Amino acid sequence: MTDPTRPETEMIDVLSRDGRIVSACAAQETVLGFSPGAVEDAPWSAVYPLDSRKRLEEVFTETTAGPHVIALEMRTQQGARLGVTAIVTRFTDPEHGLCLRSVKWPAGGALGEVANLAEEKEILESILAASDDAGWCMEWAEPVDLSAPEQEIIRQVFENGPHWRFCNDAMARLYRTPEGKDFNALPVHETFPRSPENEDFVRRLIRASFDVNASPSRDLRYDGVYIEVENDVRGHIRGNFLHRMWGTVRDVSKHARRAAVLRDEIDTLEAILDALPDAVLVVDRDARILRINTSAEELLDLNPDLLPARSLDDLIELPVPLAEIFADAGHHLPGHPSGIYPTLLRNPDRPIRAELSARCVALRETECLVLSLRARLGPISQDGELAKVTPFRARGR
């Protein structure tokens, strides 16, 4: 029985790009049961099954010449399959052109584990490469010391030789990588510059032990445009040193722009609402006050922070039940004036009569009323009637 630990069990052959076996060593011929020279100039299929031939063909397209550690099968002269682990290197032969030189041992042992790890790495890289999510891994030439003060950690993140360990095609597309450039070979600072926004991003990572989801940062594309992005990040920390971090990134620029527009619109609407001379309140069917404007704060002496604890019944004496006002407002016809209800504001210091009108509105699928209050000028008499008011005249009239 052949001893796989002996040097003569190393099986070596040279394969040409056109699918021929240029040469094979005597040990390989012996292990496979061929006579000396029997496989020279034979097709690969003489000793390699289809799956192994495909794997060898892939080595011709690898970005590096090797060596590549791969798992293969070989076929003996009798047709039996022999599992082997191969170290394959691509080279150019003066006579046969581009060739592969493979050195093989029977499968198993440490070299077999290397082949399995290489295959798993290839599978994972293929999955990441095919993903539409931009995936990245950043590594540092000098690990980042996480025992340092926070600002020093931030400095090290940007200055300790960060480089891309792996980024997929989606990452390159997201950052508009120049044609012909490999994103993985480009400097990190070109897309992840040191800026106040990105320092804040790193600060959040530090405080979350480099384990965050949807953390915002501001990155620079290669076309010179800044983009707002969200990152899911994980860190590889060993012995209180950060060696690398990885994650996925999403462009949320259009959402950020939309949010900015909405914030501006909200600010405008709130300014208009607060400028209205009439008091405006929003209430639900349970008489809970959900929102008020500035005029309502002043008229009813309300603190907006205490609204959840206040009820409309505490503030206003309605002439009819609130449910009836809801029903009337629900039948309001567009273009017609709203019904006016005389009300009394429950102010112990100075009771005030007011006129109330109402419109229905749906807020987050909850039916609400928007109430408009306008105080009626003049004090309240002892019997509850409105006292006569002397019209105001400007000086000099």
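The structure is a predicted model, in which local features need pLDDT of at least 70 and side-chain atom pairs count only at pLDDT 80 or more, while totals for chains, interfaces and linings use all residues. Residues are numbered from 1 along each chain as its sequence is written, and side-chain values use heavy atoms, leaving out hydrogens and water.

**Confidence**
- The chain has a mean pLDDT (the predictor's confidence in each residue, from 0 to 100) of 83, with 84% of its residues at 70 or more.
- Helix 4 (residues 150-159) has the highest confidence, at a mean of 96, and helix 3 (residues 109-130) the lowest, at 63; helices here are DSSP runs of H or I with at least four residues, and strands are E runs of at least two, numbered from the N terminus.
- Over residues 380-397, pLDDT stays under 50.
- Where pLDDT is low, the predicted coordinates should not be read in detail.

- Six strands form an open sheet in the order 12-11-16-15-14-13, with antiparallel pairing (strands pair if DSSP finds at least two bridges between them).
- Strand 12 (289-292) and strand 13 (316-317) are at the edges with a single partner strand each, so one side of each has no neighbour in the sheet.
- Three antiparallel bridges join strand 11 (residues 279-284) to strand 12, where Ile292 is the bridge partner of Leu281.

Key: Contact means heavy atoms within 4.5 Å.
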